Amino acid sequence: MEKIEPTSYTLKCVATGREFTDKGWMLEDPECQTPSLIRSEYAKKQIDVKSADYGLYRFADWLPINHMLEGSSAPVTFKSEALAKELGMTNLWITFNGYWPAKGVRMTTCSFKETEAFSVCGRAREDEERVLVVASAGNTARAFAKVCSDNNIKLLLSVPEENLNALWFEEPLNPCVKLIACENGGDYFDAIYLSTLALKSKKFYNEGGAKNVARRDGMSTTMLSAATTIGRIPDYYFQAVGSGTGAIAAWEANMRLIEDGRFGNHIAKLMVAQNAPFVPMFDAWRAGSREMLPYEADKARRDAEIINAKVLSNRKPPFSLAGGLYDALKATNGEMFAVTNPQARKACKLFEQTEGVDIYSASGVALAALQKALSEGKVEKDACVMLNITGGGEHHLQEGKQLWYLKPEHIFPLTPDPDDVVAKVEAMFAE
């Protein structure tokens with residue numbers, strides 16, 4: 001396996017169309033006056049997919065990276081037989097992210113958040129001295145923790161205390177990875193707020209979430225996997241969403257695939273779902289509103305506690321800004337669904353019974369949305385459908401193993417003292 005060269009790309013502001021050079025860790029266009037995402041514009045317009053032993057970096061032509069890291073795995077797409085038959089479909093394709101060695105996918109944190117972590121950390125400079133800061137509701141933290149631990153990258157995680165059970169690992173982590181938490185009763189938004197306080201110190205830098213082109217382009221490998229396996233862009237794309245970043249990434253990949261010229265010139269219809277009762281984006285979309293509707297903080301926290309798919313509980317998603325999920329849904333004539341816990345649980349059970357592997361609650365939400373769309377006549381039974389299974393295989397991976405859990409060094413109140421946070425996180429990484 002040859003070493004890859006840094007990818008050639010520029011950045012483009014969605015709101016204004018201005019193209020500019022990436023001078024480092026740019027998360028937005030400094031000249032843009034309105035909220036907007038930026039996008040990667042790759043010099044190579046036709047993607048050359050490398051062999052499977054490159055892992056995620058088989059899609060390196062369309063990843064904004066400087067170098068490769070060890071241990072990655074790419075999403076794997078296959079045509080469904082048993083589940084498709086159960087649903088009465090003839091052209092259902094499953095893109096699987098997780099641990100399923102029989103299918104050739106070995107994401108050892110069992111989540112497609114690994115696609116983000118390997119891309120983001122591959123974008124960072126190899127000689128970066130500052131500490132990367134990532135806020136997460138669970139799966140993202142686990143993925144970044146594993147990638148950073150294995151590649152000796154300094155990382156500070158911020159996670160709600162109630163979600164700490166998501167931070168399981170097969171073995172103890174490298175001490176370069178450290179964790180803080182917001183106390184019980186807090187949600188993902190509280191974890192984000194806590195991370196912003198840590199970023200007041202110059203010793204830390206912000207991963208950036210949806211604003212980081214490397215995060216979105218890493219997630220876009222799910223669509224790239226599907227299109228390059230099927231030989232065409234799918235007609236429909238199904239996924240559960242908390243922030244909507246994965247769906248935005250799929251839309252962006254779709255546009256690159258059209259420009260490539262070998263996979264069709266049509267847009268896949270984004271069919272995305274939230275886990276009820278935590279459905280702020282569903283509510284805004286149904287109301288025809290670009291702006292998110294008011295969502296009282298205590299109610300949002302309560303709703304986040306109720307849902308099984310905790311990873312879908314983002315209270316401040318990239319929905320309204322230029323290039324965000326609202327624009328992605330509009331551009332693809334997409335739809336949103338609300339799926340209850342019982343519906344998602346039933347879908348998870350159906351997937352395991354038909355395809356033979358366990359999947360996460362969020363993936364169950366996506367499958368339940370597909371079932372709804374079929375029952376409502378919103379998807380043709382013979383349409384080319386991509387179902388993005390964003391996490392699975394955990395039971396298979398963990399079977400017979402003693403797990404190790406990352407513990408927080410500090411648990412902060414929901415209204416922490418900013419100076420106290422800075423002092424404590426700096427001390428955590430003191431040489």
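**Sheet order and a helix crossing**

Good morning. I begin with an open sheet of three strands, in the order 2-1-3 with antiparallel pairing; strands pair if DSSP finds at least two bridges between them. Strand 2 (19-20) and strand 3 stand at the edges with a single partner strand each, so one side of each has no neighbour in the sheet. The structure is a predicted model, in which local features need pLDDT of at least 70, side-chain atom pairs count only at pLDDT 80 or more, and totals for chains, interfaces and linings use all residues. Residues are numbered from 1 along each chain as its sequence is written, and side-chain values use heavy atoms, leaving out hydrogens and water.

Strand 1 (residues 9-13) and strand 3 run antiparallel and are joined by five bridges. Lys 12 stands opposite Arg 39 in strand 3. Of the five residues of strand 3 (residues 38-42), four are buried, that is, under 20% relative accessible area with a 1.4 Å probe, protein chains only.

I turn now to the helices, which, like strands, are DSSP runs numbered from the N terminus (helices: H or I, at least four residues; strands: E, at least two). The axes of helix 4 (residues 188-198) and helix 14 (residues 418-428) come within 8 Å and cross at roughly 70°. Helix 4 is therefore roughly perpendicular to helix 14, the term covering 65 to 115 degrees. Leu 194, Leu 197 and Ala 198 in helix 4 meet Pro 418, Val 421, Val 422 and Val 425 in helix 14, with heavy atoms within 4.5 Å.

Methods
Axes are lines fitted to C-alpha atoms, for helices over the stretch in contact, and angles run from 0 to 180 degrees between N-to-C directions. Angles under 35 degrees count as roughly parallel, over 145 as roughly antiparallel, 65 to 115 as roughly perpendicular and the rest as oblique. Buried means under 20% relative accessible area, exposed over 50%, partly exposed in between (1.4 Å probe, protein chains only).
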